[in-house]
Amino acid sequence: MSSPLLRVENLNKAFGKVVTARDLNFTVEAGVLTSIIGPNGAGKSTLINVLSGLLPADSGHVYFQGEEITHLPTHRRVRLGLCRSFQVVNVFPHLTVFENVEIPVLAQMRKAAHLFRPVAREKAVGQRVMEVLERTNLAGQANGTASALSHGDQRLLEVGIALAAKPSLLFLDEPTAGMNPVERVDILRHIRRLSASGETTFVIVEHDMDIVFSLSDRVMVLNRGDIICDGGPDHVKGDRQVRECYLGEEVVA
Amino acid sequence: MLQSIVHVCLAGLSQGMFIWLVASGLTLIFGVLGVLNFAHGAFYMLGAYFCYTVLASLGDNFWLGLIFGPLFVCAVGYFVERYFLRYVYHLDLPYQLLLTFAFVLIFDDLVKIVWGAGSIGSPTVPGLGGSVSILGRMFPTYSLFIIAVGPLVALGLWAALERTWAGRVIRAASSDREMAAALGAKVPLIFTGVFVFGTWLGALGGGLAVPYVGLLTPGMGEAVIIEAFVVAVIGGLGSLKGAFLGALIIGLLSSFGTRFLPTFDMFLTFILMALVLLWRPQGFFGEASR
Amino acid sequence: MNSKGTHAIYLAIILGLAVLGLVADRFVLYMGMRVMLLAIFAMGYNLLLGRTGLLSFGHGALYATGAYGMALVNLHLTPDPLLGILAGVALATACSLIVGFFCVRHTEIYFAMLTLAFGMMIFSLIWNLRELTGGDDGLVGISRGSVLGLPIAKDGQFYFLVLFFFALTLWLIHRLRGSAFGLILAGIRENNQRTSFAGIPVKSYRLAAFVISGVFAGLAGSLGAMLESNTDPFSAHWSHSAEPILVSLIGGLQTFSGPLVGSVIFVVLREIIQRFTQNWMLWFGVILLAIIMGMRGGVMGGLEKRLKRGPAPAGKGEGS
């Protein structure tokens, strides 16, 4: 298919006078690990919230694999293959790690509406869950409660839940927030590996510049609702406007 | 025709102001503590019974009953908040609701044990016991008194919340608990204070109800608490302004309903409640946080 | 506890109840039926409260629609008990669909208040449409007829019909809790938003849980109408919804057996307390208070914890 994975046209979103997306136009190509950066309040999280269906857009269009999804509810977007993770840990705290991943797998395999069939008998589902847990290095803790995991593992589980829906496009909202350096390196390794496997295209919102430039194929810089720079990591690093907008916020390496 | 409509309106106004007196405390407590208090109806009932007891033992002086009766109920409210409710603020909604519901069961039966299961007739209030002629038909003076008291309480509450230091602290605590705590306000103390004050408002409503409803019965709080819920919901949970308006609407609606559509009187009240919840869950004046 | 052991226990309970039906006197039979009816009501209800995390004050009304649907068919159309029960359940299902359709748009306090409003609408209709519902007298003179040629007029016979539906409910709820659907409901309780982002249409699932619990409320209501041979308008009142809540809380919200154990405790305790005092509500208030302040897992939740000798995950029952 030649059409891009995601196409955004003239997207607008504002909260009162605060504009968080001003006439945005961009595409995301399959297989290109894209990062969205920008100073606080640039509209990164809002953009993800709008694209994933958590917030309605004020105007504009969003196309996913050529299909318009601007007004679709979140669960329909997930079914089409557009998924996300969250900035704060957002798992099912009192369910087991296995069950945490089982819920999206059931939905993805269209088995969630089985009323009377014991879920333990869904062998294919169980296999798929273990697959996802292995890919996220959580297989050993499958029967533990999610809330008992370390913070880093909960973040991994978060990614696992999102991956379980077999998305072709996955937004990660600050996947390293609140992590210690060791966990950080770890999760980056996972993301790179998962991205290389080619099933899923990642779009990452991040604060940490080191991460962004070492990981991404493409970097988009957002400031006050505008895209001020867009291109390969080296191109963005050298951009004057980007340096200005980050001055005093964070030093570009 | 005019006479009939004026009288239906007056009856609706007095009914509305009467519900407002009860709903004000409920709304205040929900607004600040975030707890929908089923026991508020029980406090209302206790207010009525304590007022009755005080006035009966002080030579049938209604005003002394009205002043001192609710104070006893305040002590009960303090006990409930300080030793029970305080420990469930962090729990899920069902636990909070059911805790207050447990107190309804307890107080209803305690009243039966202390005052007897039968109903008690109430004395009339000297000077307000009769009726006055309005457009050639008699209207109870006491109902006119209630119509006057309602706005007074509203005005007093507004002044207390907007114009005093305590009111500012309360508003801060209700809009953002953590921030208020960080600013040094003693949130648990404020919560207890607001709960006791809300209890006092409910008990005052009960005291004023003594001559208004005429009969004291255990369980008299249950009918009132549901009407107060309706009013609080319609106005926007936690909004005093909304509760005042909601009470007026419900009072008039039920008054006209009783007069013209007696079969569907109750139905109308609840369909209005459902419609407001569906159309504007934050109510007429609630904050659009949801 | 493994699944075979659990099955054996429930089979033993049902067999025990069957034996009880053959030997017990009328009073014990009556109490047994009251327990089973309350358990049907509460097990269905707890699918909504304990599993999905939604508090409804409208299920008293759904119980009543079951009772009135059954009674109307019984009095005006046919004395066949199965058709009557079918009608009661059908009416309750229809009402649950309509009420639920509106109510599941909200959660938490707004959901609770909406169910209260709709429940009270049903109550006011039952109360005021005297020609149809008998108003405050209710509908009286419901006959029991016979099922498949077997008479059920006597309590000793009717008992087995109740037992049949009780066993059916037990089995259905057990399957529901262990199914994919049951897991999704737990997910909705734990994290509404995340469930939606797992690709689940959350509102549809909430509606399904609401309707299923409404079906069981209707079943309990129609059987209750047959047991008492009349209908009670106050069963539609919001406060009647407190009964399954109380029962589930006593037994344990997060357990399968909780509503069942709670029903036994509730009915038996009420009977005992009423022997000594008029004020049984006071004691239930105190019990409720004690559960909320001290043992929120309920009786079965506490027992489970003790058996496992460790901190049991709060969200998990013995589901499988």
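**Accessibility, contacts and cavities**

Q: Is C:Ala90 buried, exposed or partly exposed?
A: Relative accessible area decides this: buried is under 20%, exposed is over 50%, and partly exposed lies in between (1.4 Å probe, protein chains only). C:Ala90 has a value of 45%. Therefore C:Ala90 is partly exposed.

Q: Which pLDDT must side-chain atom pairs have to count?
A: Residues are numbered from 1 along each chain as written, with chains lettered from A and ligands numbered from 1 in written order. Side-chain values use heavy atoms, without hydrogens and water, and in this predicted model totals for chains, interfaces and linings use all residues, local features need pLDDT of at least 70, and side-chain atom pairs need pLDDT 80 or more.

Q: How far apart are the C-alpha atoms of C:Ala90 and C:Leu219?
A: C:Ala90 sits in helix α4 (residues 81–103) of chain C; a helix is a DSSP run of H or I with at least four residues. C:Leu219 is 129 residues away along the chain. The C-alpha separation is 9.2 Å.

Q: What is the relative accessible area of A:Thr74?
A: A:Thr74 belongs to helix α2 (residues 74–80) of chain A. This residue is buried because its relative accessible area is 11%.

Q: Which side chain makes a polar contact with that of A:Thr74?
A: Beyond four places in sequence, A:Thr74 is in contact (heavy atoms within 4.5 Å) with A:Ser52, A:Gly53, A:Leu54, C:Ser196 and C:Phe197. A polar contact pairs N or O atoms within 3.5 Å, one able to donate a hydrogen and the other to accept it. For the A:Thr74 side chain, at 2.5 Å, the partner is C:Ser196.

Q: What is the volume of the largest cavity?
A: A cavity is a set of points on a 1 Å grid where a 1.4 Å probe fits but cannot get out. The whole structure holds 2 cavities of 30 Å³ or more. The largest has a volume of about 50 Å³.

Q: Which helix gives the largest share of the lining of the largest cavity?
A: Lining residues have an atom within 4 Å of a cavity point. Here they include B:Phe38, B:Val104, B:Asp108 and C:Trp238. In chain B, α2 (39–57), α4 (93–115) and α9 (220–235) each supply at least two. The largest share, 3 residues, comes from α9(B).

Q: Which helix gives the most to the lining of the second largest cavity?
A: This cavity holds about 40 Å³ of space. Its lining includes C:Met43, C:Arg51, C:Arg177 and C:Phe256. Two or more residues come from each of α2 (26–51) and α7 (155–178) of chain C. With 4 residues, the top contributor is α2(C).

Methods
On a 1 Å grid over the protein atoms alone, a cavity is a set of points where a 1.4 Å probe fits but cannot get out, and a pocket is an open set with protein on both sides within 12 Å along at least five of seven lines; lining residues have an atom within 4 Å of a point. Grid points are joined across faces, edges and corners, and a volume is the space filled by probe spheres set on the points.
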